[in-house]
Amino acid sequence: MNHPAFASNHVAVVTGAASGIGLAAARRFAGLGMNVVLADLPGERLDKAAEQTVAISPHGPGSVAAIATDVSDISSLKALEAGVIARFGRVHVLMNNAGIQPGSAILSGNDTWEKVFAVNLWGVINGSRIFAPAMIAHGQTGLIINTGSKQGITTPPGDPAYNVAKAGVKAFTEALQHELRNTADCKISAHLLIPGFVYTGLTANGRTEKPDAAWTSQETVDFMMQSLENGDFYILCPDNDVDRATDEKRILWAAGDIVENRPPLSRWHPDHADTFKAFLIKARPKID
Ligand SMILES: NC(=O)c1ccc[n+]([C@@H]2O[C@H](COP(=O)([O-])OP(=O)(O)OC[C@H]3O[C@@H](n4cnc5c(N)ncnc54)[C@H](O)[C@@H]3O)[C@@H](O)[C@H]2O)c1
């Protein structure tokens, strides 16, 4: 049983669909008989992804469209929405998933900061704001799934631009879901996909084989489908290295930096590293 938004002949739009998690999602949706729009930067990868998606669809080429889109450009996202409506009439599932991770440094590389924000944060905000009104108005059940990251929650040192952008995706998607659930007659809900370590174009770093620790994109989409069926807002995916219990502890510890008045990122602070290790072993404290 899938969430009812994934009904046959419903319409799904996936950004970043030429690769990785987005491609796996597009293929899954097509396999369910949905009409699927793959949105990604123009090129052979997008065309190939569309071909692979058509191959899975029970309804053939007419049910799959590739629309070249740059999510960092609001006019491109508006053209995507107009193109989807012209072709399929309405949207039931929107997955704002396109992302980049070029790496960043706290005090240099302004262009990189702006690019990471434009794709990873503005791409999600603009995508949601452009598509949501017509999705709400058509009155049928639907989903907006925004791809965040654990790095937007526990904000580990090393890639601050990515962390800040993904923290924004979390805050935006929480606010979006609050708004949707308080909108009369709205049958659309928003969800935050929080992948673990997934072997994709983003993380391959020249590797040609999946590291043991990583999940595949298909496993991630399996987990997402089950979580959506359960009605979960936070789709907190484990991987082969990090289980849910560990993620819960890491998230609690990060929030505890404020509550306990510790320094920020104390998990990586020499004065607190041992206490964090001990915290990981202890049973998770009960939250009232
Ligand atoms: N792979 C992981 O371990 C992991 C972990 C946490 C979060 N994520 C997030 O998952 C999402 C999907 O990433 P992935 O791992 O499948 O990587 P991926 O590189 O395989 O796929 C990302 C896709 O986004 C597309 N894209 C990049 N810039 C774009 C733009 N301006 N407009 C349109 N499309 C654009 C790329 O062309 C690519 O096809 C990203 O938001 C990423 O931050 C991934």
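A polar side-chain atom of S19 is placed 2.5 Å from an oxygen atom of the ligand, a polar contact being a pair of N or O atoms within 3.5 Å (within protein, one must be able to donate a hydrogen and the other to accept it, and residues adjacent in sequence count only if both atoms are side-chain atoms). The model is predicted, with local features requiring pLDDT of at least 70 and side-chain atom pairs counted only at pLDDT 80 or more, whereas totals for chains, interfaces and linings use all residues. Residues are numbered from 1 along each chain as its sequence is written, and side-chain values use heavy atoms, with hydrogens and water left out.

A polar side-chain atom of D70 lies 2.8 Å from a nitrogen atom of the ligand, and a polar backbone atom of V71 is 3.0 Å from a nitrogen atom of the ligand. The protein buries 94% of the 830 Å² that the ligand exposes when taken alone (Shrake-Rupley method, 1.4 Å probe).

The shell around the ligand comprises 29 residues, of which S19, D40, R45, Y162 and T200 come nearest; a residue is counted if one of its heavy atoms lies within 4 Å. By class, this shell has twelve nonpolar, 13 polar and four charged residues (Ala, Val, Leu, Ile, Met, Phe, Trp, Tyr, Cys and Pro count as nonpolar, Asp, Glu, Lys and Arg as charged, and the others, Gly among them, as polar).

A pocket is an open set of points on a 1 Å grid over the protein atoms alone, where a 1.4 Å probe fits, with protein on both sides within 12 Å along at least five of seven lines; lining residues have an atom within 4 Å of a point. Helix 1 (20-31) and helix 5 (160-181) are the elements that give two or more residues to the shell around the ligand; helices (H or I, at least four residues) and strands (E, at least two) are DSSP runs, numbered from the N terminus.

The volume of the largest pocket is about 1100 Å³, taken as the space filled by probe spheres set on the points, which are joined across faces, edges and corners. Its lining has 47 residues, with Q101, Y162, T200, L202 and T203 closest to the centre. This lining divides into 16 nonpolar, 20 polar and eleven charged residues.
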